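Try each one yourself before reading the solution.

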Amino acid sequence: MSAVSPRILGKTSLDAFDALVIGSGASGGAVADLLTRHGQKVLVLEAGPNYFPDIDQPAAATAPGSVGQALPLFGNDELKLSHRYQIAPDPLAEPRTLRHTIADGDRLVVGDVANFAKTVGGGATHADLKTPRFIPDDFRLATVLGADPLGDGSNFADWPVQYDALEPFYLYTERLMGVQGAAGVDPNAGPRSGPYPMPPGAAMYVAPRAQVGLAKLGYTLFPCPTAINSVPYDDRPACNDCGFCQGSPCAINAKGTPGVTTLRKALLTGNCQLRPETRAVRLRVDGAGTTITGVEAILPDGSRATFTADRYFLAANPIEDVRLLALSGGGQPLGNSSGLIGRHLMLHHGVNVLGVFEDQLHGHRGRGSTHAFTEFRVPSNRSQPVGGIVVVTTVPYLIQQAQTYLGQFGPLGLKGALFKKFLRQARPRDRLLSLNMYGEDAPHPANTADLDPAIRDVDGIPVARLTYQPHRYELAAEQFYVPKMIDIVGAAGARFGAQAPNGDPPGAGHLMGTLRFGSDPATSVCRPDGRFHDIGNLYGTGASLFPTSSGFNPTLTITMLATYVAASALFPGDPARALT
Amino acid sequence: MSEASGAGGVRPSRRLFLQVLGALPATAWLSAGCSSSGPRYLTDTERRVLTACADAIYPPDDTGPGAAELGAVDFIDALLTAFEHDPPRIHAAGPFSDRNPYAAADGSPSSRFPPDQFLEYLPLSRVQRAGWQLRLYGSRGTPGGGPNDAVLGPVIGLRDLLRDGIAQAIETLTMPIDQISDEALRAIYDFLPDDARAQVELLVLQSLFSLPEYGGNRNSGGWRLIHFAGDSMPLGYTYIDPATGAIRDRPDAPVIGPETQPDPDPMDDETIGLFRAATAVLGGKAFY
């Protein structure tokens with residue numbers, strides 16, 4: 001099937017590039033978009049396959065059911081997406097390893113660790129793309145909270161650029177991705193200089209059900225900003241609420257993922273070339289170690305080639321960026337005079353409370369989550385821990401439901417005919433309302449990404465290792481807010497409420513940190529414009545740069561910050577010029 | 001084989017299994033779940049054991065068929081022989097099946113249906129292919145072995161894992177397998193080695209609730225048994241009212257409003273009791 005063949009996409013005749021971008025997700029797509037708009041010639045290397053046929057062709061509304069762009073090769077297929085690694089790296093082919101502390105030895109776990117999509121469009125492809133902005137205090141948490149507010153070794157730092165300077169980039173990004181939302185409904189949101197591009201879409205039925213409990217307890221539920229079309233927008237159709245959004249790519253391009261927004265726009269300029277299934281494995285550096293001279297990559301057929309450009313942008317993800325830097329330095333990362341590359345890895349501290357209802361919630365219809373509240377994330381309120389945004393959601397998928405029930409209830413005797421009956425009666429999509437808090441994960445120097453000393457991928461290349469555990473900051477917020485979340489589902493009418501067990505690591509599907517940016521080369525890896533302190537033509541881009549994780553879904557801010565970095569490269573000192 | 005606790009709780013002892021089998025009449029058996037016409041890896045005996053295991057996990061009863069009749073064994077064999085096709089049958093294509101129509105201009109179901117695009121399969125990338133080769137055939141069946149065999153030991157492929165696991169379980173039988181009734185043979189599931197048992201459980205659940213194109217969930221029967229209407233695309237559940245521009249629910253399947261259909265299977269005391277017990281284990285609250 002040619003649609004997913006690893007053919008070179010975009011302007012295939014280009015052979016000299018102003019910029020080379022490693023990764024085609026939220027960060028890479030944004031960098032490619034901004035640079036190519038300004039005439040820069042950009043090469044994007046993507047390690048994973050492409051499932052967007054004709055991503056580089058102008059829209060032609062030909063297929064029934066499509067608007068404009070050709071339909072992708074996804075579909076409502078839980079098996080291939082959640083169990084057969086269509087877009088996530090196969091942990092047998094590309095494992096990662098995990099340990100909690102260095103005292104655990106080389107590793108505790110090998111395989112599926114913080115597994116993130118590796119495909120054209122990156123992790124944003126399967127995100128349900130809730131896109132709240134960070135709030136102004138998120139950019140100055142060291143000032144608001146102190147560097148180590150609970151004395152657990154955390155290392156908060158203010159961002160070197162603040163909300164006011166980034167606000168125009170937020171607005172630009174919301175229009176680029178197509179964000180639905182309503183201004184003024186979140187009592188804790190920062191100021192805006194313009195409206196959302198489109199109004200909120202259909203509210204899932206769990207939202208008014210949760211609202212019953214939230215209102216009783218004084219919380220404000222609002223439609224969560226989300227990069228999913230509520231109306232036809234940008235050659236893409238409105239969402240029809242098929243119910244297959246949580247952790248799954250969109251079958252009709254209603255979701256504003258990089259493959260149908262930033263990356264596609266870059267390819268359509270004629271200034272961009274995209275090479276899928278091309279794995280960057282080493283940055284070549286000059287003798288002084290201050291200039292990148294090329295990127296060595298493994299091509300789709302397994303052979304190797306080196307690509308060159310004037311500037312290089314790391315946009316894989318915070319773990320794979322570190323892996324590449326470490327592979328390039330023979331185990332010690334390139335550009336690491338600060339000693340901080342790989343440190344301050346943040347995942348968000350996912351906390352999940354379930355309410356059991358006796359009536360039908362039909363949570364398998366809709367976008368997975370449509371509403372949220374933010375009262376648990378007000379850093380300036382020192383009377384409560386700093387948690388995160390809480391979204392109202394459900395448990396929509398069938399195989400996942402069955403696995404969860406057998407795992408949770410099997411020890412209680414659930415098996416055979418009883419299991420069969422339980423699946424009929426206790427249908428999670430109907431009975432379970434889920435409150436998910438994306439709790440802030442404090443930046444901690446002991447939480448790191450580096451290379452595993454012995455484990456390799458199928459190409460024989462050392463894989464990334466996470467050394468990660470939550471600390472007092474995250475656990476205090478969890479302990480404080482879980483009882484409140486249980487009370488909310490009770491007030492909403494649930495018969496039972498309980499916290500679902502945390503995963504290991506207890507992440508929420510978000511990766512941040514490892515290349516924090518700042519003004520001081522002793523305390524940061526990259527400069528305020530994203531450029532490495534040590535290497536003049538190498539840039540960090542999105543989530544890797546985050547000095548702190550906030551407590552909000554990060555994709556909008558990742559895309560926004562990557563745009564800011566690209567704009568800063570073009571217009572040093574005046575990046576907003578790039579938006580005009 | 002291990003007699004320790006497995007994924008589903010405390011496992012019976014080998015002695016108990018022998019006692020159970022011994023108490024059952026040695027009736028002739030009828031083969032089940034052998035309708036696949038594609039390539040086969042599993043032998044008839046292996047298929048029979050997996051049929052029994054599938055029905056142990058999800059048995060037939062008066063509410064409907066069990067996992068075996070719904071195609072669990074065909075689903076498993078299709079995965080084990082995925083590489084006998086080009087492209088390998090791992091990732092069905094999509095995006096749509098032919099089970100739902102396109103929406104008409106007013107949002108109602110039209111008379112036009114897409115073809116079933118899940119009947120085609122997507123090519124695997126070089127790295128994906130390497131991963132699935134290793135998963136199905138193991139280090140032993142992969143040129144050069146697995147990348148971490150020296151550190152972690154060889155990868156046991158799913159084909160070998162199931163074959164060897166079934167053979168070990170059969171060794172526990174006290175009489176020839178063809179003298180054991182289908183229903184009695186279901187007890188063999190508890191005597192699979194832990195690693196094979198975990199894989200069989202996962203595969204059976206996948207077979208029940210994945211797209212029917214993968215070989216299980218025959219005629220969408222797995223979905224129907226849990227009152228799931230199935231994949232909804234390209235129709236979806238909402239549409240934009242062309243007259244007003246407002247987003248509207250499908251009246252038969254609302255997103256925004258409450259369910260319009262009566263509850264097909266309300267929770268009974270036993271189901272609620274399980275939730276009560278799980279809530280206690282998790283340290284949660286019962287509100288009434």
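**Exercise 1.** In which sense do strand S18 (residues 496-499) of chain A and S3(B) pair, and over how many bridges?

*Solution.* Keep in mind that this is a predicted model. Start with the pairing: S18(A) and S3(B) run antiparallel, joined by two bridges. Next, pick out one pair: Gly497(A) sits opposite Lys285(B) of S3(B).

**Exercise 2.** Work out how many residues of chain B are in contact with chain A, and what kinds they are.

*Solution.* Step one is the count: 80 residues of chain B contact 84 residues of chain A. Step two is where they come from: among the elements of chain B that each give at least two residues to this side are helix H8 (194-209), helix H10 (269-281) and strand S3 (285-286).

**Exercise 3.** Describe the make-up of chain B as a whole.

*Solution.* First, count elements: chain B holds ten helices and three strands. Then read their order from the N terminus: α-α-α-α-α-α-α-α-α-β-β-α-β. Now burial: 44% of its 288 residues are buried. Finally, take the contacts in chain B between residues at least 6 apart in sequence; 60% of them link residues at least 24 apart.

**Exercise 4.** Find out which residues of strand S2 (residues 19-22) of chain A are buried on each side, then place the strand among its partners.

*Solution.* Begin with a general point: side chains in a regular strand alternate between the two faces of the sheet. In S2(A), Ala19(A) and Val21(A) are on one side, Leu20(A) and Ile22(A) are on the other, and all are buried, leaving both faces covered. Now the neighbours. Strand S3 (residues 42-45) of chain A runs parallel to S2(A), with four bridges between them, and Ile22(A) is opposite Leu45(A). To get from S2(A) to S3(A), the chain passes through helix H1 (residues 26-37), making a right-handed β-α-β crossover. Strand S11 (residues 311-314) of chain A also pairs parallel with S2(A) over four bridges; there, Leu20(A) has Tyr312(A) as its bridge partner.

**Exercise 5.** Why does Leu414(A) count as buried?

*Solution.* Locate it first: Leu414(A) is in the loop between helix H8 (398-409) and helix H9 (416-425) of chain A. Leu414(A) counts as buried because 24 other C-beta atoms lie within 10 Å, and the cut-off is 20 or more. Then list what it touches beyond four places in sequence: among them are Phe409(A), Phe422(A) and, from the other chain, Leu274(B).

Terms used. Residues are numbered from 1 along each chain as its sequence is written. Chains are lettered from A and ligands numbered from 1 in the order in which they are written. This is a predicted model: local features need pLDDT of at least 70, side-chain atom pairs count only at pLDDT 80 or more; totals for chains, interfaces and linings use all residues. A residue is buried if 20 or more other C-beta atoms lie within 10 Å of its own, exposed if 12 or fewer, and partly exposed in between; C-beta atoms are placed from the backbone. Two residues are in contact if their C-beta atoms, placed from the backbone, lie within 7 Å. Two strands pair if DSSP finds at least two bridges between them. A crossover is right-handed if, with the strands pointing away from the viewer, the path from the first strand over the helix to the second runs clockwise. Ala, Val, Leu, Ile, Met, Phe, Trp, Tyr, Cys and Pro count as nonpolar, Asp, Glu, Lys and Arg as charged, and the others, Gly among them, as polar.
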